[in-house]
Each structure stands twice: as structure tokens, then as C-alpha cells.
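I opened my notebook for a slow walk through one structure. Come along and check each entry against the picture.

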Amino acid sequence: MKALEDFGIKLNWKFDFRVHGSTLEPLPNTMFVDVGNKLTEGIIDTHQGTKYKSSAHALSENPHLVLNHLLKGLNEAYARGETEHLDNLKRGIEFTFVTHTGPDWDSIATFYLCDHLLRTGKLPWTGKLLVEATNQIDQGKAKMEGEIKRPFIIYYDMSDGKRLDSEEQLRHGRQLIEDILDAVKEEKIKCQENPILEHFEDLEKRLPAYQEHINRLTGDKELY
């Protein structure tokens, strides 16, 4: 299946937020994640009971639930030779990403994977690390052990609700994941296990754009 980059189409996102536990039906041009109580095309939610440990895990194992729902029409238009329609879309196509209010790490991880998948048609090679980390974080198994300079902990400061609303949390969180995974590729954060979960004493040097968040988290630790 051809992805948006194959068509030269820019992707623009709108966002919407629902309460936890909402039961929903698929909508055109819309992706529900971590809400909906279904695992089907257009909805990725594992709360109804599945083998998956997170929404990110479910997406990584079922990319067709995103691609078929959002890109099938474009590919059918391409197959019919509707080049004028596709050319008109090169100015941009708009999809809506819907998750629960106060998006958590699983929400932003799944948003990152969804965005990458639609643009490129595949998941990044670092996606496996992200899914493994998200499974542990979402199930409360990620260890802290009093050491908070771990890349994923940065999002705790972003998502405290004091500085960013839900949409900003999603946008900033997706950028955080992209920056973390870029640092993995460049071997700025590297370890034997999962670098997203690992403690780095000099994390602010490895991820300098997030020094303010890291300093705030360190200060909170000292207070408590």
C-alpha cells in the first residue's frame, strides 16, 4: 500500500479527546487510540481485553488497522488513475487523532507510530524499542529505583497539566519521542537494555533540549 510520502501528500493532524472508557464507532479520516473499547479498523483500544500490552503494541502488530482505514481510499483512487484528485491533495490531507483527556505515554507513543506509519508506510526500526518500553510503562513495570534521569520520565513533567493542555501534550510528547529515538540512532543514549527506560546521570547533556524538564524533575525529587 502506498503511503502519503509516496503520493507527495503532506499530513496535517487535528485532535480530539474523550473520557476514559468511551465506547465508540469508527469515523472517516479519524483514528481512535486508547479509547473506543474496540480493536478494529479506525480504533485501537486494548481495554476490552486482548493479548496486547499497550495500544502501541496493538498498532505495531496490526498496522493494517491504521493503513486500511485512512489510506485505502487514496490507494483506490490511484488504482483508478484519478491523478487530478491526488494532485489536489498534495497541499495537505487532514486526519483526526482521538485519545483520552490527559494523554499518557501510551497515547503519545501510539500517535508517533501512527504518524510515522501513515507518512512512510512502515514502522521505524526503533519502533520495537519504543513498543517494549511502552508495554512496561503502561503496565506499571518500568523501574524507577530512585533514579529519575530516564528519557521517558521527561514526559511526566510535560503531562502534569500545569503548563500544557492535552493537545500540546500530544504534540510535545510526539516530538520528545522523536528526539529520544534520534538520540538512539546517533548512539547518544545507548545501553545493553532499553535506552528509553535507562537512567543516564548526564541525561541533560544527551537530550539538551529537555534540560528545563530534567532540572524540574530533579528539583521535585530533592523536595520529596
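Below are my entries, starting with the ground rules and then going from the sheet to the helices and single residues.

**Ground rules**

I am looking at a predicted model, where local features need pLDDT of at least 70, side-chain atom pairs count only at pLDDT 80 or more, and totals for chains, interfaces and linings use all residues. Residues are numbered from 1 along each chain as its sequence is written, and side-chain values use heavy atoms, with hydrogens and water left out. For helices (H or I, at least four residues) and strands (E, at least two) I take the DSSP runs, numbered from the N terminus.

**Entry 1: the sheet**

In which order do the five strands of the open sheet stand? I read the order as β1-β5-β2-β4-β3, and the pairing is mixed. β1 and β3 (39–40) are at the edges with a single partner strand each, so one side of each has no neighbour in the sheet. A reminder to myself: strands of a sheet pair through backbone hydrogen bonds, either parallel or antiparallel. I count two strands as paired if DSSP finds at least two bridges between them.

I then went through the pairs. β1 and β5 run parallel and are joined by eight bridges; in one of them, Trp13 has Phe95 of β5 as its partner. β2 and β5 are also parallel, over three bridges, and here I found Phe32 bridged to Val98 in β5. β3 and β4 (residues 43–44) are antiparallel, with two bridges, and Leu39 has Ile44 of β4 as its bridge partner.

Is β5 mostly covered or mostly open? It is mostly covered: seven of its eight residues are buried. Buried means under 20% relative accessible area, exposed over 50%, and partly exposed in between (1.4 Å probe, protein chains only).

**Entry 2: helices across the sheet**

α5 lies across β1, β2 (30–33) and β5, at about 150° to β1. α8 lies across β1 and β5, at about 135° to β1. For these angles, axes are lines fitted to C-alpha atoms (for helices over the stretch in contact), and angles run from 0 to 180 degrees between N-to-C directions.

**Entry 3: a closer look at α8**

How many residues does α8 have? It has 20, residues 166–185, and reaches 29 Å from its first C-alpha to its last, close to the 28 Å expected at 1.5 Å a residue. The expected span is 1.5 Å times one less than the number of residues.

Its buried residues include Leu170, Ile177, Leu181 and Val184. An α-helix has 3.6 residues a turn, so residues three or four places apart point the same way. What covers the buried residues of α8? Among the elements I noted are β1 (11–18), β5 (93–100), α5 (105–120), α6 (127–138) and α7 (154–158).

At the start of α8, a side-chain oxygen of Asp165 comes within 3.2 Å of the backbone nitrogen of Glu167. I call this a polar contact: a pair of N or O atoms within 3.5 Å, where, within protein, one must be able to donate a hydrogen and the other to accept it, and residues adjacent in sequence count only if both atoms are side-chain atoms. Just after α8, Glu187 has a positive phi of about 60°.

**Entry 4: four asparagines**

Asn135 is in helix α6 and counts as buried because its relative accessibility is 11%. It touches Lys53, Ser54 and His57, leaving out residues up to four places away in sequence. Contact here means heavy atoms within 4.5 Å.

Asn75 is in helix α3 (residues 64–79) and is buried at 16%. Its side chain reaches the backbone nitrogen of Lys2 at 2.8 Å. Setting aside neighbours within four places, Asn75 is in contact with Met1, Lys2 and Phe7.

Asn29 lies in the loop between β1 and β2, has a positive phi near 60°, and is partly exposed at 42%. Asn37 lies in the loop between β2 and β3. Asn37 also has a positive phi, about 60°, although it is not a glycine, and at 24% it is partly exposed.

**Entry 5: cysteines**

How many disulfides does a search of the whole structure find? The search finds zero, taking a disulfide as a pair of cysteine sulfur atoms within 2.5 Å. Cys114 is buried at 1%, whereas Cys191 is partly exposed at 26%.
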